[in-house]
Amino acid sequence: MNNNNEVFPYILRHEGLAKECNPKMSKNKVMKEHNKTFLDWFKDTIFVDDNASETLRKLANEPKRNVITWQGYNIKKYLFYTKSQDKKSTMQNSGVTLRAKSQHFASVHDDNPCVASIPYFGFVEEIWELNYVKFIICVFKCKWVDNNISVRTDDVGFTLVDLKKLAYQNDPFIMAEQAKQVFYVQDPCDEQWSVVLQGKTIGVNFEDDDSLIDTYVSLLSTQISPNIVGEEEADDVHANRNDHDEGELINIV
């Protein structure tokens, strides 16, 4: 709902109503009230609006109760697996990242939240196909690393994450089209942390992709033993993708 352009004006409208109805609440509490009450308000508003589009009516009516789940999905030349499928595979395909704008409150009484565009890192737990009758939306249910304590940048500019410290349990879903793929390589200097590397799309060669060249040149220029370099090269194989049609759902036995 939050990722649909047609819904966005209704979100802004309801946020304004929540603030108007609770003038003494901090912005933090107003946002919580908005999140708690928006869906019911949206349904009531759309169902009495004769000018609402069919897309809005279908969204307000919710998808079918029976949800089809998949273990693999291919979109934008990335092949994604669920975490459980990764464990059965020689390839790492469940790493995911996206950049999202969010409000950050210093405390529950903070009336001046900081709005920032921040990258989030995690892995795909489940892949859902939501059927709204007239259209189908694929979403990823993810587990996300805690940005406050589990993401840092090392001395040579690499992003490191602690995959065991998770957060944002109440906001696990993203649309598949929002996802970008990453893969994680354990930091040889500290096993608690993993280095985030860009996923490699189908059909991309190193000489055709400057960002991949820069990543690997930087990686190999750091002080890593030859044995570890060999392991990184093996992980590069994990980043290679087999060809699939874009947007294809893959049910893997």
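Analyst: Two strands pair if DSSP finds at least two bridges between them; strands (E, at least two residues) and helices (H or I, at least four) are DSSP runs numbered from the N terminus. This is a predicted model, with local features needing pLDDT of at least 70, side-chain atom pairs counting only at pLDDT 80 or more, and totals for chains, interfaces and linings using all residues. Residues are numbered from 1 along each chain as its sequence is written, and side-chain values use heavy atoms, leaving out hydrogens and water.

User: How many of the 10 residues of S6 are buried?

Analyst: Buried means under 20% relative accessible area, exposed over 50%, and partly exposed in between (1.4 Å probe, protein chains only). S6 is largely enclosed by the rest of the structure, because the buried residues among its 10 number seven.

User: What is the N to O distance of the salt bridge between Glu 33 and Lys 36?

Analyst: A salt bridge here is a side-chain nitrogen of Lys or Arg within 4 Å of a carboxyl oxygen of Asp or Glu. Both residues lie in helix H2 (residues 27-47), three residues apart, about one turn of the helix. Glu 33 counts as partly exposed at 24% relative accessibility, whereas Lys 36 is exposed at 64%. Their side chains meet with an N to O distance of 3.8 Å.

User: Which residues do salt bridges that share partners join into one network?

Analyst: One of the links is a salt bridge between Glu 62 and Arg 65 (3.9 Å, N to O). Glu 62 is partly exposed at 26%, and Arg 65 is exposed at 74%. The network consists of Lys 43, Glu 62 and Arg 65.

User: How many salt bridges does a search of the whole structure find?

Analyst: Glu 33 with Lys 36 is one of them, and Lys 165 with Asp 162 is another. Across the whole structure, the number of salt bridges is five.
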